[in-house]
Amino acid sequence: MRVVKAYPPNIEEIDAAFQVRGKPILFAFGEIIYNPMGVDIAPELMAHEAVHGRRQIAGEGILAAFGQYDFLRQALKTNPTEALKRRAIEDWWHRYINEPAFRLEEEIFAHIAEYAELCRLHGQRWTSRRAMRRTYAAHVARRLAAPLYGNLISQARAKEILLDASACTEEARLYRGGPPCPPVRVGAG
Ligand SMILES: [Zn+2]
């Protein structure tokens with residue numbers, strides 16, 4: 001992904017909901033990461049934002065009636081024009097802002113990739129894989145449970161999901177090229 005030191009084009013909509021102006025926050029926008037404050041981006045955060053960008057362009061957030069939805073998702077695969085990608089990205093953000101359940105699910109995918117990247121990058125330093133997984137899961141769970149996302153999930157539940165996910169999730173599979181497995185269930189709590 002390309003990093004650009006600016007606010008994303010839809011900053012007004014995002015800022016109205018989350019008051020993010022002036023904060024060191026990254027914004028995925030398709031193939032671009034907007035980094036308005038120019039902060040250093042750790043590799044695990046690149047992995048996190050890449051998941052958002054990839055899912056935006058895949059049309060995961062596209063807003064359309066059902067028949068049109070299928071059509072647009074297909075068009076994103078076969079003929080992804082700039083206008084269509086732009087619409088898919090903006091729709092994703094619109095849902096992300098307005099639907100907490102959607103936001104939580106998207107953040108779970110992104111945090112799984114972040115966690116997987118931490119384990120991949122630093123795995124060799126640990127003698128106990130179990131201790132490594134628990135440490136990184138706790139760290140990433142704190143971020144996922146943070147007020148930034150609107151307190152969507154408890155830290156304990158977030159950690160549980162990450163530890164589960166390390167063995168078996170669609171996103172981790174895509175990320176590590178492992179075998180297919182069932183999607184993460186977003187339970188209560
Ligand atoms: Zn995120």
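This report describes the fold, the helices and selected residues of a predicted model.

## Basis of the description

Residue numbers start from 1 in each chain and follow the written sequence. The model is predicted, so local features require pLDDT of at least 70 and side-chain atom pairs count only at pLDDT 80 or more, whereas totals for chains, interfaces and linings use all residues.

## Overall make-up

The protein chain has 8 helices and 3 strands. Helices (H or I, at least four residues) and strands (E, at least two) are DSSP runs, numbered from the N terminus. Along the sequence the elements of the protein chain follow the pattern β-α-β-β-α-α-α-α-α-α-α.

Of the 189 residues in the protein chain, 31% are buried. A residue is buried if 20 or more other C-beta atoms lie within 10 Å of its own, exposed if 12 or fewer, and partly exposed in between, with C-beta atoms placed from the backbone. Two residues are in contact if their C-beta atoms, placed from the backbone, lie within 7 Å. Among contacts in the protein chain between residues at least 6 apart in sequence, 62% join residues at least 24 apart.

## The sheet

The 3 strands make an open sheet with mixed pairing, in the order E1-E3-E2. Two strands pair if DSSP finds at least two bridges between them. Strand E1 (2–4) and strand E2 (27–29) are the edge strands, each pairing on one side only. On average, and with direction ignored, neighbouring strands of this sheet are turned by 30° against each other. Axes here are lines fitted to C-alpha atoms, for helices over the stretch in contact, and angles run from 0 to 180 degrees between N-to-C directions.

E2 pairs with strand E3 (residues 32–34) in the antiparallel sense, over 3 bridges. Phenylalanine 29 has isoleucine 32 in E3 as its bridge partner.

## Loop residues around the sheet

Asparagine 35 sits in the loop between E3 and H2. It is counted as buried because it has 20 C-beta neighbours inside 10 Å. Leaving aside neighbours within four places in sequence, asparagine 35 is in contact with Val3, Val4, Lys5, Leu26 and Ile41. Its C-alpha atom is separated by 7.6 Å from that of proline 24, 11 residues apart along the chain.

Glutamine 19 is in the loop between H1 and E2. Its count of 9 C-beta neighbours inside 10 Å is why glutamine 19 is classed as exposed. The phi of glutamine 19 is near 50°, a positive value in a residue other than glycine. Most residues other than glycine have a negative phi.

The 15 residues of H2 should span 21 Å at 1.5 Å a residue, and its end C-alpha atoms are 21 Å apart, in agreement. The expected span of a helix is 1.5 Å times one less than its number of residues. Buried residues of H2 are Glu44, Ala47, His48, Glu49, Val51, His52, Gly53, Arg55, Gln56 and Ile57. Glycine 59, with a positive phi near 85°, follows H2.

Two packed helices are described by the angle between their axes and the distance between the axes. The axes of H2 and H5 come within 8 Å and cross at roughly 145°. The crossing of H2 past H5 is right-handed; a crossing is left-handed if the near helix is turned anticlockwise from the far one by less than a right angle, and right-handed if clockwise. On the H2 side, Pro43, Glu44, Leu45, Ala47, His48, Val51, His52 and Arg55 meet residues of H5 including Phe109, Ala113 and Leu121. The contact of H2 with H5 has 9 nonpolar, 3 polar and 5 charged residues. Ala, Val, Leu, Ile, Met, Phe, Trp, Tyr, Cys and Pro count as nonpolar, Asp, Glu, Lys and Arg as charged, and the others, Gly among them, as polar.

## Arginine 55

Arginine 55 lies in helix H2 and is buried, with 20 other C-beta atoms within 10 Å. Leaving aside neighbours within four places in sequence, arginine 55 is in contact with Glu60, Glu106 and Phe109. The C-alpha atoms of arginine 55 and tryptophan 92 are separated by 8.5 Å, with the two residues 37 apart along the chain.

H3 has 13 residues and reaches 19 Å from its first C-alpha to its last, close to the 18 Å expected at 1.5 Å a residue. The number of its residues that are buried is 1, so H3 lies largely in the open.

Helix H4 (residues 82–98) has 17 residues, which should span 24 Å at 1.5 Å a residue; its end C-alpha atoms are 24 Å apart, which agrees. In H4, Ala88, Ile89, Glu90, Trp92, Trp93 and Tyr96 are buried. The buried residues of H4 pack against helix H1 (11–18), E2, helix H2 (43–57), helix H3 (66–78) and helix H5 (100–122).
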